[in-house]
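Please read the following briefing with the sequence and the model side by side, and look up each residue as it is named.

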Amino acid sequence: MPYPALKVDMKKLESNARFLIQECNKFGINPMAVTKGFSAIPEVAQILVNAGINTLADARILNLKKLRHIECTKVLLRIPMLSELKDVVEFSDISLNSEIKTIREIGKLSVQMGKKHKVILMIDVGDLREGVWPDNALEYIDQIIQIDGVELVGVGTNVTCYGAVLPTYENLSILSEIYQNVKKQYNIKLDIISGGNSSSILLMKSGKMPKEINNLRLGEVLLLGRETQDGTIIDSLYDDAFILQAEIIEIKEKPSVPIGIIGVDGFGSKPNFDDRGIRKRAIVALGRQDIKVNTYQPLDPGLDILGSSSDHTVLDITDGSHAYDLGDIIEFSINYEALLSVCTSEYVRKYIV
Ligand SMILES: *Cc1c(COP(=O)(O)O)cnc(C)c1O
C-alpha cells in the first residue's frame with residue numbers, strides 16, 4: 001500500500017453526522033454538510049448522505065462537480081466568480097451571493113439553460129468577510145426578487161472567520177429581523193435562514209439561537225468533532241474519523257543538536273535545539289508539500305515531531321510506546337487545516353475503512 005495515506009473511518013464519520021443531525025433537529029435546524037475539508041471525495045460525501053444529510057455544500061464548484069452523481073441538494077458556499085457562473089448554474093442548486101451583478105448574470109444563464117437557480121443573500125453581521133450590510137439588505141432583496149431565473153430562498157451570515165466575531169443572539173437576530181421584514185413587505189416566507197458554521201453549535205446547544213435560524217453549514221465539527229468557538233471536542237463526537245499515516249524510511253541514533261555552524265533551515269528560519277544527548281530518531285516520508293508544521297500530532301504520546309522539510313518529518317521515537325522498525329507506519333491526528341492540505345495533496349492516498 002502506498003503512503004502517506006489518509007484513513008477515513010466510515011463508522012465514526014457516519015456517527016458524527018447522525019449525532020449532529022439529531023442535535024440540530026432538536027433546535028429546528030437542518031444542517032448542511034460542508035465537504036471542502038475533504039476536497040469533496042465522493043465516497044466520503046456519500047457516507048454523510050447515507051447518514052441522513054440532505055444538503056452538501058462546498059466553496060468550490062470543482063468540488064461540487066465531483067458530487068454531481070450524489071442525490072441531494074448542492075450548495076456553493078463561496079461567492080461565485082463571474083467567470084464560473086455557467087458551472088454554478090449547472091452544478092449547484094443554491095449559491096450564497098452578495099453582488100447584484102453576479103445574481104443578474106446567474107439569472108440570465110439560468111433562463112438560457114432552462115433552470116431556476118436558488119440564491120441565499122449573505123448578510124455581514126460584523127465579521128467583515130462576505131455579505132451585504134444589514135441596512136442595505138432590503139434594497140438588495142427588492143432587486144433580487146425581480147430577477148428572472150433566480151429565486152431568493154434565504155439569507156445567511158458567516159461569523160468567526162475573517163474578524164473572528166462570535167455568533168450571538170444579538171448578531172444573529174439581524175437575520176431574524178430581515179426574515180420578518182421580508183415576510184411583512186413582500187409576503188415571502190424565506191425557507192433558509194443560515195446562522196453560520198461550526199462555531200454556532202455552542203450557541204445552539206445553549207438554546208439561545210434566535211428561533212428563525214433553521215440552518216447551519218457544518219464542516220469542522222462534523223469531520224473532526226471540534227466546535228470552533230473555543231476548540232473543544234463535542235461530547236459524543238469522534239475527533240479521529242480522519243487519521244494520517246506515514247511510513248518510516250530511516251531509524252538512527254543521533255545527537256539532538258546538529259554539528260556545525262547553524263544558519264537558517266530550508267524555510268528561512270533559524271532553528272533552536274535542546275541538548276538531550278543521543279536520541280533515537282525516525283524519518284517518515286511526509287513533508288511540507290503535504291502538510292504544514294504544527295498541524296499534525298503522533299497518536300503515540302511518546303513520540304515527538306522534531307521538525308520537517310518538504311518531504312521529510314523527523315521524529316524522536318526514544319520514548320515511543322514500542323520499538324519502531326523501518327517500514328512501520330506512524331499514525332497522526334490532524335487538525336482542520338491539515339485535513340484541507342492533505343486532501344488537496346495528490347501525494348496522499350485516501351482510503352475508507
Ligand atoms: C467553510 C465554510 C463553512 C464551514 O465552516 P466550519 O467552520 O468548517 O464549519 C461554512 N460556511 C461557509 C461560507 C464556508 O466557506
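A polar contact is a pair of N or O atoms within 3.5 Å; within protein, one of the two must be able to donate a hydrogen and the other to accept it, and residues adjacent in sequence count only if both atoms are side-chain atoms. With that in mind, the side chain of Ser256 reaches the backbone nitrogen of Arg276 at 2.7 Å. The model is a predicted one, in which local features need pLDDT of at least 70 and side-chain atom pairs count only at pLDDT 80 or more, while totals for chains, interfaces and linings use all residues. Residues are numbered from 1 along each chain as its sequence is written, and side-chain values use heavy atoms, with hydrogens and water left out.

**The chain as a whole**

- The chain holds 10 helices and 16 strands, where helices (H or I, at least four residues) and strands (E, at least two) are DSSP runs numbered from the N terminus.
- Along its principal axes, the C-alpha trace of the chain spans about 75 × 45 × 40 Å.
- Of the 353 residues in the chain, 48% are buried; buried means under 20% relative accessible area, exposed means over 50%, and partly exposed lies in between, with a 1.4 Å probe and protein chains only.

**The ligand and its surroundings**

- Among the 13 residues around the ligand, those that come nearest are Lys36, Ser198, Arg217, Gly219 and Glu220; a residue is near a molecule if one of its heavy atoms lies within 4 Å of it.
- By class, this shell around the ligand has four nonpolar, four polar and five charged residues, where Ala, Val, Leu, Ile, Met, Phe, Trp, Tyr, Cys and Pro count as nonpolar, Asp, Glu, Lys and Arg as charged, and the others, Gly among them, as polar.
- Glu220 takes part through its backbone, where an N or O atom lies 2.8 Å from an oxygen atom of the ligand.
- Taken alone, the ligand exposes 390 Å², and the protein buries 91% of that; such accessible areas come from the Shrake-Rupley method with a 1.4 Å probe, and for residues only the protein chains shown count as cover.
- The ligand sits in the second largest pocket, and sitting there requires that more than half of its atoms lie within 2 Å of the grid points of the pocket.
- On a 1 Å grid over the protein atoms alone, a pocket is an open set of points with protein on both sides within 12 Å along at least five of seven lines.

**Helices α2 and α7**

- In helix α2, which covers residues 42-50, the buried residues include Val44, Ala45, Ile47, Leu48 and Val49, and just after α2, Gly52 takes a positive phi of about 120°.
- Asn171 lies in helix α7, residues 169-186, and it counts as buried because its relative accessibility is 10%.
- A polar atom of the side chain of Asn171 lies 2.8 Å from the backbone nitrogen of Thr168.

**Backbone details**

- Tyr3 and Pro4 are joined by a cis peptide bond with an omega of about 0°, and Pro4 lies in the segment before β1 (5-8).
- Ala164, in the loop between β7 (150-156) and α7, has a positive phi of about 55° although it is not a glycine; it counts as partly exposed because its relative accessibility is 48%.
- Asn187, in the loop between α7 and β8 (192-194), is also not a glycine and has a positive phi near 60°; with a relative accessible area of 69%, Asn187 is exposed.

**Loops and distances**

- Ser256 is found in the loop between β10 (242-255) and β11 (278-284), and it counts as buried because its relative accessibility is 13%.
- A polar atom of the side chain of Ser256 also lies 2.8 Å from the backbone oxygen of Gly277.
- Leu299, in the loop between β12 (296-298) and β13 (304-308), is 33 residues from Phe332 in sequence and 5.2 Å from it in space, C-alpha to C-alpha.
- His312 is in the loop between β13 and β14 (313-316), and its C-alpha atom is separated by 37 Å from that of Ile79, 233 residues away along the chain.

Note on methods: 1 Å grid on protein atoms, 1.4 Å probe; cavity = no way out; pocket = protein on both sides within 12 Å on 5 of 7 lines; lining within 4 Å.
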